[in-house]
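Subject: Structure handover

Hello,

Here is the structure for you to look over. My notes on it follow below.

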Amino acid sequence: MIQDRIRELAEKYRDYTAENLSKLVQTKSYSSKEEDVCHLLVKLCEEAGFDEVRIDGLGSVIGRVGNGPKKLAFDAHIDTVEVGNLKNWDFDPFSGAIEDGLVKGRGASDQKGGAASMITAGRILKELGYGGEYTVYFTFTVMEEDCDGMCWKYLIEEEKFKPDMIVSTEPTSCRLYRGHRGRMEIRVILRGISCHGSAPERGVSAAYKAARAALAIEKLNNDLQPDDDNFLGKGTITVSQMDVKGPSQCAVPDYAMLYCDRRLTWGEDAELAISQVKKYVSEATGDPEDAIIVEMPDYDKTAWTGKKYSQELYFPTWKLDEKAELVQAGIRDYEAMFGKKPVVDKWTFSTNLVATTGRHKIPAIGFGPGDEAQAHAPNEINRVEDLVICSKFYAMLPYALENRTE
């Protein structure tokens, strides 16, 4: 059976997969500075025998195996957040050490582990001579940590590359995920009237408005409701930054800014979220809604290729019904490979699927090595066993989609 051959090859390449992850971890790749790791990925994919490897205009690496009429894509973002305070690390964040069944370092789980398993899966498919219904793409995408999904918005809208279905390899602890909340960033601007600090009654303090507005945002967060089936749970909003300014340290401030992180459950969108903030802040400050600026900022940055690209900081919610074909194929894949049903769940955080699925409605699932809790944390690790499990799952999925699991 095909699953037996896949198991055999994935186990054979256990050390190969771990060593590739180690190389990826050792290659620093902060957002928009991924050039070195992208060239490494091209080399690794070519060595694995991929049919085609290219770099798109924004800098993402696109590998291909097969030439079927349908397009299946596996995605891993290969940029990382920075390491933070080195005193919180017990080892070199870029050592890529392989010890005690673990690969250690920044990006090991979030999310170069998925990339390493994808390379092995591509190698397995080539060795099996896969020539089925699917062209299998492996996308190693850039700038996700700064602006999740923008890399795919670029691929779909600018390069017209739109797969029929997609698998995110973000960490899921080897569980099958079928959704996550969306998110957006919101900026609130409040105005006051400045005056000398010795007579504050002559002015209107933007600082006090900001304080009341922040408490109103807290109330809004408490009032938000979950989605109808309570799969994704409730949306959230929190004030992440505040800034208050005036003419001097001896003056009543006339400007205040609140920056909010808003997580969106199913049925919530940017228009609703902005209207809610306006309403709650207006009620708290006494300012009419049309006097309060509530806006969604843009993200604008230059990729390592020199390409400038931007989008609004809005990342739509997505979920796929458990009866959907891709979810069911994932379940068939897991059962054929591991002899039991997978845990079907969701992410807490956001992924590139906000663009592919939230924005462009491409069916998607998630299945990745490592734990979500490792993301952005010091002492980041991934389990070698997870890498092997995922390389098996990825290589098996085209066959499961074709119902070739016997």
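In these notes, contact means heavy atoms within 4.5 Å. The model is predicted.

**Helix packing: α6 and α7**

Two packed helices are described by the angle between their axes and the distance between the axes. Start with helix α6, residues 206–223, and helix α7, residues 270–285. Their axes are 8 Å apart and the packing angle is about 130°. Angles over 145 degrees would count as roughly antiparallel, and 65 to 115 as roughly perpendicular. The α6 and α7 pair is therefore oblique. The crossing of α6 past α7 is right-handed.

Which residues of α6 and α7 meet? On the α6 side they are Lys 209, Arg 212, Ala 213, Ala 216, Ile 217, Lys 219, Leu 220 and Asp 223. On the α7 side they are Gln 276, Val 277, Tyr 280, Val 281, Ala 284 and Thr 285. By type, this contact has eight nonpolar, two polar and four charged residues.

**Helix packing: α4 and α10**

The next pair is α4 and helix α10, the latter spanning residues 384–401. Here the angle is about 50°, and the axes are 8 Å apart. That makes α4 oblique to α10. α4 also passes α10 in a right-handed crossing.

From α4, the contact uses Gly 113, Gly 114, Ser 117, Met 118, Thr 120, Ala 121, Ile 124, Leu 125 and Leu 128. From α10, it uses Leu 387, Cys 390, Ser 391, Tyr 394, Ala 395, Pro 398 and Tyr 399. These residues divide into 11 nonpolar, five polar and no charged. Recall that the contact of α6 with α7 includes four charged residues.

**Salt bridges**

How many salt bridges does the structure hold? The count is 32. Some of them follow.

Lys 153 pairs with Glu 157, with the closest N and O atoms 3.0 Å apart. Both residues sit in helix α5, residues 150–157. They are four residues apart, about one turn of the helix. Lys 153 has 11% relative accessibility, so it counts as buried. Glu 157 is at 24%, so it counts as partly exposed.

Asp 287 forms a salt bridge with Lys 209, and the closest N and O atoms are 2.8 Å apart. Asp 287 lies in the loop between α7 and β13, while Lys 209 is in helix α6, so the pair ties together parts 78 residues apart in sequence. Are Asp 287 and Lys 209 buried or exposed? Both are buried. Lys 209 also belongs to the α6 side of the contact with α7.

Asp 229 and Lys 319 meet through their side chains in a salt bridge, at 3.0 Å from N to O. This pair links distant parts of the chain, 90 residues apart. Asp 229 lies in the loop between α6 and β11, and Lys 319 in strand β17, residues 318–319. Asp 229 is partly exposed at 47% relative accessibility. Lys 319 is buried, with a relative accessible area of 18%.

There is also a network. Glu 11, Arg 14, Glu 385 and Lys 392 are joined by salt bridges that share partners.

**Lys 12**

Lys 12 is part of helix α1, residues 2–12. With 57% relative accessibility, Lys 12 counts as exposed. Its C-alpha atom is 9.6 Å from that of Val 388. Along the chain, Lys 12 and Val 388 are 376 residues apart.

**Backbone points to check**

Most residues other than glycine have a negative phi, and most peptide bonds are trans.

- Gln 111 is in the loop between β5 and α4.
- Asp 100 lies in the loop between β4 and β5. It counts as exposed, at 78% relative accessibility.
- Asn 230 lies in the loop between α6 and β11.

Best regards

Key:
Residues are numbered from 1 along each chain as its sequence is written. This is a predicted model: local features need pLDDT of at least 70, side-chain atom pairs count only at pLDDT 80 or more; totals for chains, interfaces and linings use all residues. Side-chain values use heavy atoms; hydrogens and water are left out. Axes are lines fitted to C-alpha atoms, for helices over the stretch in contact, and angles run from 0 to 180 degrees between N-to-C directions. Helices (H or I, at least four residues) and strands (E, at least two) are DSSP runs, numbered from the N terminus. Angles under 35 degrees count as roughly parallel, over 145 as roughly antiparallel, 65 to 115 as roughly perpendicular and the rest as oblique. A crossing is left-handed if the near helix is turned anticlockwise from the far one by less than a right angle, and right-handed if clockwise. Ala, Val, Leu, Ile, Met, Phe, Trp, Tyr, Cys and Pro count as nonpolar, Asp, Glu, Lys and Arg as charged, and the others, Gly among them, as polar. Buried means under 20% relative accessible area, exposed over 50%, partly exposed in between (1.4 Å probe, protein chains only). A salt bridge is a side-chain nitrogen of Lys or Arg within 4 Å of a carboxyl oxygen of Asp or Glu.
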